Amino acid sequence: MSDITFSERDICTKFILPSLVRAGWDVQSQIREEVSFTAGKIIVQGRLHARGKQKRADFILYYKYPNIPLAIIEAKDQSHSVRPGIQQALDYAQTLDIPFVFSSNGKGFLFHDKTQLSGGLEKEISMLDFPSPQKLYDYYKTFKKISNTAAQKIVEQDYYIDTSPKQPRYYQVIAVNRTVEAIAKAQNRILLVMATGTGKTYVAFQIIWRLWKSGKKKRILFLADRNALLDQTRRNDFKHFKDKMTVVRNHKVDKAYEVYLALYQGLSGTEEEQNIYREFSPDFFDLVVVDECHRGSAAADAAWREILEYFSSATQIGLTATPKETREISNIDYFGEPIYTYSLKQGIDDGFLAPYKVVRVGIDKDLEGWRPEKGKRDVDGRLIEDRLYNTKDYDRTLVIEERTNLVAKKVSEFLKHTNRFDKTIVFCVDIDHAERMRNALANENADLVAQNHKYIMQITGDNNEGKMELDNFIDPEQTYPVIATTSKLMTTGVDAQTCKLIVLDSNINSMTEFKQIIGRGTRINEAFGKFYFTIMDFRGVTNLFADPDFDGEPVQIYEPPSGAPVTPPDEPPIIVDPPIDPPGGLQKVRVRGVDVKILNERVQYYGKDGKLITESLKDYARQNTLNEYKSLDEFIRKWNDADKKQIIIQELIEQGILFYDLQETIGKELDPFDLIAHIAFDKPPLTRHERAMNVKKRNYFTKYGEQAAVVLERLLDKYADKGIENIESARVLELDPLNKIGTPAEIVKMFGGPAHFKKALKELETALYISA
């Protein structure tokens with residue numbers, strides 16, 4: 001048998017694996033094969049979704065799994081030289097933070113050494129000369145400046161791995177490893193930036209666990225700013241600390257524990273006796289982990305900052321999804337540049353975070369403003385000031401009841417068209433607005449509220465009944481509440497895995513707060529059908545999407561305009577719901593009898609490049625198709641040559657073509673071939689029914705036996721009704737009306753066997769597109 005007959009998998013098992021074992025790599029503990037390290041981006045088509053391709057490495061080699069990934073190997077069959085796999089392997093290695101990269105065809109290796117400690121950047125080596133684990137680890141330690149035994153012990157400390165299927169994702173491993181390595185090398189201020197929903201608390205647990213078990217850190221303080229977040233941390237990721245852990249409550253201190261969970265405000269206060277952190281000696285803790293550190297910990301004059309400065313001898317780690325950088329507040333100034341950043345955009349591209357649609361609703365009184373007619377009075381009979389009011393006034397100083405009712409109506413319409421039991425959060429201006437929105441939504445959904453009054457709940461800081469339902473809202477197993485109206489309370493610290501709709505009816509001017517709010521929807525929960533979410537925007541807040549930092553990079557420096565205070569508007573020391581009354585103690589002006597209507601409504605989609613599509617879907621699809629196919633002839637040739645048209649369709653979907661939404665816009669009766677040919681190449685389209693009738697007119701079925709002809713005619717009807725993807729499905733023979741002809745095995749036998757049936761199906765597809 002010649003070498004050329006070996007497949008890529010054969011090369012891995014017959015040549016590469018023996019070479020690794022010969023070099024001293026342990027198959028069980030150091031070698032992982034066919035490693036999928038992303039989940040595959042979720043591609044949304046209307047209300048449907050699909051997963052894109054996962055990124056998969058042929059081999060990842062570890063000095064110690066999962067602590068220390070050292071090398072990646074990409075294999076090619078023996079029709080290639082050793083070089084073709086290196087570019088893909090380098091791309092994977094950059095993503096995975098791996099320094100040693102190999103490609104192989106089974107005859108040798110191309111070795112790319114980022115450390116250049118092996119004597120150069122790239123060189124070919126024989127199958128007998130693959131480096132040993134110890135040699136690569138020695139290079140690794142030198143490259144990472146892990147120079148002493150104490151540091152090495154910390155770096156090699158195991159992760160906490162239990163019997164559950166949960167394993168750290170690649171970016172979590174990078175975040176943990178970089179942090180542990182930095183601390184092993186005596187770095188004392190560390191900043192990690194990770195998008196909401198990527199497991200910051202799990203990362204914090206693994207960092208603390210490894211430092212604690214290695215003996216590097218003995219007493220640890222974990223600081224958060226919400227009771228809900230603290231309780232989630234204690235019950236979930238941190239539960240493995242068991243009786244070594246305590247939660248500081250009621251301003252009481254017990255120094256007998258090793259891991260302490262506390263609220264910032266639980267350790268400090270306005271009165272000296274409330275500053276219980278001073279009951280600990282300044283050197284009591286040797287590690288402080290600050291969750292959501294974009295809050296008050298970043299402000300030099302904030303009370304919370306006093307806690308960090310009091311424990312200044314401790315190593316301090318800041319965790320945030322949205323670091324804050326203003327003239328007065330700086331995470332980077334305090335903690336230093338982020339040691340690792342995993343952005344929202346990257347999380348969506350990897351398939352670990354949910355993509356989203358944006359529905360922008362333009363209300364006439366928002367877009368044009370509202371000026372009261374002369375002599376207009378509010379509901380209490382007071383004369384309304386004659387001026388132009390706009391969205392900055394609505395629900396803050398001026399309440400237009402009809403506007404509130406219209407927002408509630410549009411939200412309810414959306415849910416009625418999708419699923420009325422999709423978890424929904426409505427963000428309002430303040431508590432009063434949240435109260436009124438709950439009332440308006442209840443009236444729009446009176447049937448479901450009558451069945452269970454908890455269908456809609458106001459969940460704000462002042463409402464104990466609502467706050468008691470917060471855990472039920474975020475629990476995927478609990479049906480109620482379905483809709484939560486809130487102001488600030490639910491912006492962070494709420495792990496709402498199944499939230500599918502986020503409604504913005506609040507003036508959010510802070511990028512930090514905006515990203516936190518959007519983070520309520522980014523989690524995926526496949527078991528409960530949560531793969532993407534929708535943002536319904538009534539205030540133009542999603543204009544912030546245009547900010548280049550929306551993908552999770554640090555927020556830009558705030559430049560206050562002339563005469564404005566230097567403190568930016570997004571810097572509350574503790575998140576609380578705004579009071580019912582506006583600043584200055586003025587009462588809100590409430591009016592009714594105002595004609596309010598929708599001026600425009602449009603849907604925006606998240607493109608494959610991580611940005612919102614701003615042009616029309618048709619223009620966007622045209623450009624992406626032309627990037628893939630330079631001419632109509634090239635497209636037709638590839639379409640006709642494909643064994644299955646679904647392969648071409650999937651490739652186009654991964655290029656960002658939204659077929660479902662294009663069909664809604666251009667024509668539901670067109671199949672993907674005609675949509676693309678029409679949009680990208682201006683070819684007049686045929687409907688599926690027209691294509692099917694053209695085949696029938698040509699007496700196409702006469703060359704087959706009577707029974708086989710009936711089968712093909714039914715398949716053609718299936719195509720006209722549902723599309724090409726359906727007749728290519730392996731299950732099509734099990735469906736009505738084909739299942740009435742016979743079992744799948746009996747139908748295939750009518751054609752003379754599987755090969756002949758496949759050939760007949762291919763010929764039918766050729767006949768469908770013969771005019772092309």
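This is a predicted model: local features need pLDDT of at least 70, side-chain atom pairs count only at pLDDT 80 or more; totals for chains, interfaces and linings use all residues.

A: Helix α24 runs over residues 688-697, and its buried residues are Arg-688, Arg-691, Ala-692 and Val-695. These four sit on the same side of α24, because they cover an arc of only 100° around the axis. What do they pack against? After α24 comes Asn-699, and its phi is positive, near 50°.

Positive phi turns up at other spots too. Asp-97, a residue other than glycine, has phi near 65°. You'll find Asp-97 in the loop between α2 (86-96) and β6 (100-104), and it is partly exposed, with a relative accessible area of 26%. Gln-116 isn't a glycine either, yet its phi is positive at about 60°. Gln-116 belongs to the loop between β7 (109-113) and β8 (122-125), and at 48% relative accessibility it also counts as partly exposed.

Then there are the cis peptide bonds. One goes from Asp-736 to Pro-737, with omega near 5°, and Pro-737 lies in the loop between α26 (724-727) and α27 (744-750). Another joins Tyr-65 to Pro-66, with omega near -10°; Pro-66 is in the loop between β4 (56-64) and β5 (68-75).

Definitions and conventions: Residues are numbered from 1 along each chain as its sequence is written. Side-chain values use heavy atoms; hydrogens and water are left out. Buried means under 20% relative accessible area, exposed over 50%, partly exposed in between (1.4 Å probe, protein chains only). Helices (H or I, at least four residues) and strands (E, at least two) are DSSP runs, numbered from the N terminus. The arc is that of the directions from the helix axis to the C-beta atoms.
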